[in-house]
Amino acid sequence: MAHSSRPKQFLEIHGRPVIVHTLDIFEQHPEIDAIAVAILPQFREHLERLVKRYELDKVKWIVDGGSTGQESRHNALKVVAEHNDPDSIVLIHDGVRPLIDADLVSRNIASAREFGSAVTCTKMTETVVVEEGEGVKEVIPRDPLWTAQAPQTFPLKDVLAGYDRAVAEGENDSIDTCTLMNGFGYDVHRVEGPRTNIKITTASDYYVCRTFLTLIEDREAFGGE
Ligand SMILES: C[C@](O)(CO)[C@H](O)COP(=O)(O)O
């Protein structure tokens with residue numbers, strides 16, 4: 001795992017790749033009509049096989065990822081915009097966050113309808129420090145701090161305009177949609193997400209995700225008890 005050459009979204013948990021766990025939450029959600037996935041071209045065929053095998057019928061578009069996350073999201077948004085009403089609500093998620101749940105999807109959509117946006121956040125529970133060499137230059141007051149995760153949700157026309165504007169202004173590597181839209185002064189509304197909505201970045205994230213998925217699947221097997 002520590003030196004895995006497989007992209008993390010294809011690691012398996014309970015016999016299913018992480019990305020399938022993630023996509024299945026959207027597939028099963030009654031308010032989701034269609035899904036676009038951005039993926040590096042060398043993994044396209046593999047993903048196509050998974051989509052077929054796991055009957056992820058809402059996956060309508062598989063688009064080429066770009067050289068940055070911003071480019072990948074932009075490529076997907078452009079394809080989505082070719083086929084959907086500009087007022088549609090778009091949730092932008094990470095393939096490596098398989099512990100998303102239906103409630104979080106619903107609350108993102110409701111917030112985007114009511115406030116024009118939704119960024120999933122959790123309250124910071126650790127002290128954040130700014131480095132200086134091997135020391136600490138500054139301690140950031142923790143009280144107003146949150147971390148932003150995904151989904152990050154906007155009306156299609158607004159978020160596409162934001163990504164187009166970023167490119168026009170020479171920005172190609174904005175870390176996420178929250179950063180990009182906030183940078184343009186767009187009002188970004190927080191939706192508090194569960195702490196379990198982990199992004200699989202490190203080996204320990206993978207083990208924690210696997211443990212949570214075991215708990216969830218065991219509970220489902222016992223009818224939710
Ligand atoms: C959106 C995000 O999950 C916020 O933490 C993150 O920016 C995803 O992008 P990354 O490439 O994994 O940093």
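Which residues does asparagine 172 touch, not counting residues up to four places away in sequence? The answer is Ser67, Thr68, Gln70 and Glu71. The model shown here is predicted.

**Asparagine 172 and its loop**

Asparagine 172 sits in the loop between H5 and helix H6 (177-183). Its relative accessibility is 33%, so asparagine 172 counts as partly exposed. Leucine 91 lies 81 residues from asparagine 172 along the chain. The C-alpha atoms of these two residues are separated by 20 Å.

**Two helices that cross**

One of the residues touched by asparagine 172 is Gln70. Gln70 also belongs to the contact of H3 with H5. Helix H3 covers residues 69-83, and helix H5 covers residues 156-168. Their axes come within 10 Å and cross at roughly 135 degrees. H3 and H5 are therefore oblique to each other. Their crossing is left-handed.

Which residues of H3 and H5 meet? From H3 come Gln70, Arg73, His74, Leu77, Lys78, Val80 and Ala81. From H5 come Leu156, Val159, Leu160, Tyr163, Asp164, Ala166 and Val167. By kind, the residues of this contact divide into nine nonpolar, two polar and three charged.

**A sheet of four strands**

Now to the strands. Strands of a sheet pair through backbone hydrogen bonds, either parallel or antiparallel. In this model, four strands form an open sheet in the order E5-E9-E6-E10. The pairing in this sheet is mixed. Strand E5 (89-92) and E10 stand at the edges. Each has a single partner strand, so one side of each is left without a neighbour in the sheet. On average, neighbouring strands of this sheet are turned by 30 degrees against each other, direction ignored.

Take strand E6 (residues 118-123). Is E6 mostly covered or mostly uncovered? Strand E6 is mostly covered, with five of its six residues buried. E6 pairs with strand E9 (residues 146-155) in the antiparallel sense, over five bridges. Within that pair, cysteine 121 has alanine 148 in E9 as its bridge partner. E6 also pairs with strand E10 (residues 190-192). Those two strands run parallel and are joined by three bridges. There, valine 119 has arginine 190 in E10 as its bridge partner.

Strand E9 has another feature to find. Proline 151 has its place in E9. A cis peptide bond joins alanine 150 and proline 151, with omega at about 10 degrees.

**A hairpin**

Strand E7 (residues 128-132) and strand E8 (residues 135-140) pair in the antiparallel sense over five bridges. Valine 128 has isoleucine 140 in E8 as its bridge partner. The hairpin of E7 and E8 has two residues between the strands. In this hairpin, glycine 133 takes a positive phi near 60 degrees.

Glutamate 55 is another residue other than glycine with a positive phi value. The table sets out their values.

| Residue | Phi | Relative accessibility |
|---|---|---|
| Glutamate 55 | near 50 degrees | 57% |

Where are these residues found? Histidine 14 is in the loop between strand E1 (12-13) and strand E2 (16-17). Glutamate 55 is in the loop between helix H2 (44-53) and strand E4 (59-64).

**A buried threonine**

Is threonine 22 buried or exposed? Its relative accessible area is 4%, so threonine 22 is buried. What does threonine 22 touch, not counting residues up to four places away in sequence? The residues are His93, Asp94, Gly95, Arg97, Pro98 and Ile100.

Conventions
Residues numbered from 1 in each chain as written. Predicted model: local features only at pLDDT ≥ 70, side-chain atom pairs only at ≥ 80, totals over all residues. Heavy atoms only, no water. Axes fitted to C-alpha atoms, helices over the stretch in contact; angles between N-to-C directions. Parallel < 35°, antiparallel > 145°, perpendicular 65-115°, else oblique. Left-handed = near helix turned anticlockwise from the far one by under 90°. Contact = heavy atoms within 4.5 Å. Nonpolar A, V, L, I, M, F, W, Y, C, P; charged D, E, K, R; others polar. Pairing = 2+ DSSP bridges. Buried < 20%, exposed > 50% of the residue type's maximum accessible area, 1.4 Å probe, protein only.
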